[in-house]
Amino acid sequence: MAQETSVELEGHLPGMLDWWRRRIPVEAILFGVVVLILWEVGVDALGITLFLPKPSNILQFVFENNGLFAKHGFLTLKFTIYGLVIGATVGMVLALLTAASAVIDRMMSPLVLLTFTTPKIVIAPIIVLYIGTTDTYFTLILILVAFFAIYENAKKGLEGVSREFRELSTLYHASYWFNFRKVQMPSILPHLMAGLKVSVMQALIGVIVAEFVAPRQGLGYLLMIGQNQQQPRMMFGSVAVIAAIGLTLYVIVDIIEGQVIFWRAT
Amino acid sequence: MATNRVKAFRTNRFVRTLNHTVQYSSLLILAVLTWEFGVAYAEIPAFILPRPTIIVDEIVSNQAFYVENTLITVKEVILGLLVGGAFGVFSAIIIFYVDILRRTLYPFLAMNYVVPKIALAPLFVFWFGDGTMSKVLLVMLIVFFPLLVNTFTGLVEIDEALIELGRSFGLPEAIMLGKIRLPAALPYISTGFKLATVLAVIGAVVAEFVASSEGLGAVVVTATAMAQTTRAFSAVVITLIVSLVFYGVAVFLDKRLLFWYDESDSG
C-alpha cells in the first residue's frame, strides 16, 4: 500500500527532465544564459565575489585545477557506477524473491518501507565506525541507497505480467529460467530502466554524502575542503562537476533505454 | 444460519488478518530479537555493538540530551517543509498563470534537477554559518522542487470538463483557482509533500553531518568520532523514528484530505 505510492513519488522526479527532452527548450537555455550574465555582472557590481564567485572565475578555477577535479570526479563516478550495478542486482533479486512468494513479500514489506521512508544515509557514520573509510564502505552505502528504486520498479514490472502469459507458461511447463527470460523480463525491463533513472541520481547523492561523512576522496571531499578553506570557487566547481556527471549518467541510461526497449516504439 | 456464516466469515477474516500481521512483522521482530540475544549470547561489549535494550536504556536515561537535539532537527525540518513547501506551491501557481515564466523559468528550474541539492550543504554552511539557519534554508531548497513540479503538473493536467463547468457558471478566476484548480491538483501536491518529508529529514541530517554542534546528525557524527557507539546508535534510531513520524503525518493528511479521490478513475 504505502510502498506503491513511493514509486509515483519518485517517478515524478525524472519527469522533470523528460519534460525538456521532448524538444530543445530554447527559451530555458536563453533564460539560463541571462541568469549567468546577471550573476557575472551583479556579483561584481555588489562586490561580493569572495562570497559568491563569478561563473567565469569558477570555470577558470576548474580548468586551472583540472587534474584535481578529474581525479576526484573519476573516483565519485567509479563508486556511483559500482553502487548502481550492485544495487540494481540486489534490487532485482529481492523483487524476484518477493514476487515468488506472498509470504516473503509480507515479511519483507516493513523492512522495505523502513528503507524508503527513512534517511538511510544516517547510518553512514556507523558503517565508518566498523569498517573505516574503505572502498567497501562507499560501496555498501551505495547499495543501500540505490537498490530501492530498482526493487520497486522491478516489482511493478513483475506484477504487470499478464495473466494469459503466466498461464501459458505454466501450461507448457516452462522452466523457471525460460519463464524469467521470455515472460518476466520483457515486462520488467521498461520499469527497470525507469528505476535506473531514479537510482542514478540517488546513487550520486549517496556517494557525495558518503564522502562528506568520510572525507577521503571524491567530489564530496573537495566540497568539504572548500568549506574548510573558505573557498567558494572550489565548492561551486565541485557542484558543477557533480551536475555534469549526473546529467551524463542520466542521458546514458536514457539512450540505453531507447536501445533495450525496442519493442516499445513510442 | 446466516449469523453463523457471518460469524464464521468474521473469524476467518480475523485469523487471516492476524496471520498477515504475524507475517508482516515476523522478519522485523526476528531481526530485533536476533540482535538482542545474539549480542548477549556472544558477549559482545556495548561499545562494539549495543543491544536494543541498551539503546532504549541510553535514550531513557539521557532523555534531556536526546529531546534537546531531536527538537533542533525537528524544528529545522518543520520550518523548511512549511516555508519551502509554501514557496513551491505559490511559485507553481504564478508560473501556471504567467505564460512567459512557463516557457522560461519552469524548464530552467526543471533542468536544475541534475544538481543534487544536498551537495550544496557545505556552501550553505559557508554562507549562513553552522547554526540552524543554514539547515532550514537547505531544507527549504530541497523541499521547494518536488512541490513546485507536482503542483505545476497537477494544475496543467486538470480535467478540462471541470474547467468547462466552472466557466459555464461564470466563476471568476480567483474562485476557479480556489475551488476547482487547486483541489484538483491536491493529489499531486500531496504526493510531492510525502516525498518532501523524506527528503527534508535527509537534508537536515546531512547538513548537520557537514558542520554543526547540535541536532541529531551532529550527535551521530561526534559520537562515532569518539567511538561512543551506543550514543551513535541511539541518535540513529531516533532519526529513523522522526522520519517515520513525518512520513506518517504526510500519509495521514493525504488520507484525510483526499478521501474523495479515487486513483482508479483519473489515470
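How many residues does the contact take from chain B and from chain A? The contact takes 59 residues from chain B and 58 from chain A, where contact means heavy atoms within 4.5 Å. The model is a predicted one, in which local features need pLDDT of at least 70 and side-chain atom pairs count only at pLDDT 80 or more, while totals for chains, interfaces and linings use all residues. Residues are numbered from 1 along each chain as its sequence is written, chains are lettered from A in the order in which they are written, and side-chain values use heavy atoms, with hydrogens and water left out.

The size of an interface is often given as the accessible area lost when the parts come together. Between chain B and chain A the buried area is about 5,800 Å², with 81% given by carbon and sulfur atoms; buried area is the accessible area (1.4 Å probe) that two parts lose on being put together, summed over both. On the side of chain B that touches chain A, at least two residues each are supplied by α1, α4 (99-103), α5 (105-111), α6 (121-128), α7 (132-156), α9 (173-210), α10 (216-225) and α11 (229-257) of chain B. The largest share of that side, 11 residues, comes from α9(B). Helices (H or I, at least four residues) and strands (E, at least two) are DSSP runs, numbered from the N terminus. Two residue pairs are in polar contact between chain B and chain A, both at pLDDT 80 or more. A polar contact is a pair of N or O atoms within 3.5 Å; within protein, one must be able to donate a hydrogen and the other to accept it, and residues adjacent in sequence count only if both atoms are side-chain atoms. Zero salt bridges are found across this interface, a salt bridge being a side-chain nitrogen of Lys or Arg within 4 Å of a carboxyl oxygen of Asp or Glu.

Chain A contains 11 helices and zero strands. Of its 266 residues, 48% are buried; buried means under 20% relative accessible area, exposed over 50%, and partly exposed in between (1.4 Å probe, protein chains only). Among the contacts in chain A with a separation of 6 or more, 77% are between residues 24 or more positions apart. The accessible surface of chain A is about 12,900 Å², 69% of it belonging to carbon and sulfur atoms; accessible areas come from the Shrake-Rupley method with a 1.4 Å probe, and for residues only the protein chains shown count as cover.

F147(A) is found in helix α7 (residues 135-159) and has a relative accessible area of 9%. Its C-alpha atom is separated by 5.5 Å from that of A88(A), 59 residues apart along the chain. Leaving out residues up to four places away in sequence, F147(A) touches G87(A), V90(A), G91(A), L94(A) and T115(A). M224(A), in helix α10 (residues 218-228), is buried at 10% relative accessibility. Beyond its neighbours within four places in sequence, M224(A) is in contact with F212(A) of chain A and with P122(B) and V210(B) of chain B.

In chain B, T229(B) lies in helix α11 and is buried, at 3% relative accessibility. The side chain of T229(B) reaches the backbone oxygen of F47(B) at 2.4 Å. Not counting residues up to four places away in sequence, T229(B) touches L129(A), Y130(A), A46(B), F47(B), I48(B) and P50(B). I48(B) is placed in the loop between α1 (2-41) and α2 (52-61) of chain B and is partly exposed, with a relative accessible area of 39%. A nonpolar surface patch of about 530 Å² accessible area is formed by Y130(A), I131(A), L140(A), I44(B), F47(B) and I48(B) together. Patches are made of residues with over 30% relative accessible area and no salt bridge, like charges being joined within 9 Å and nonpolar side chains (Val, Leu, Ile, Met, Phe, Trp, Tyr) within 5 Å.

Nine salt bridges are found over all chains. E40(A) and K54(A) meet at 3.9 Å, N to O; E40(A) is in helix α2 (residues 26-46) and K54(A) in the loop between α2 and α3 (55-64), so the pair ties together parts 14 residues apart in sequence. E40(A), D44(A) and K54(A) are linked in a network of salt bridges. D135(A) and R216(A) form a salt bridge with the closest N and O atoms 2.9 Å apart. This pair links helix α7 of chain A to the loop between α9 (176-213) and α10, 81 residues apart.
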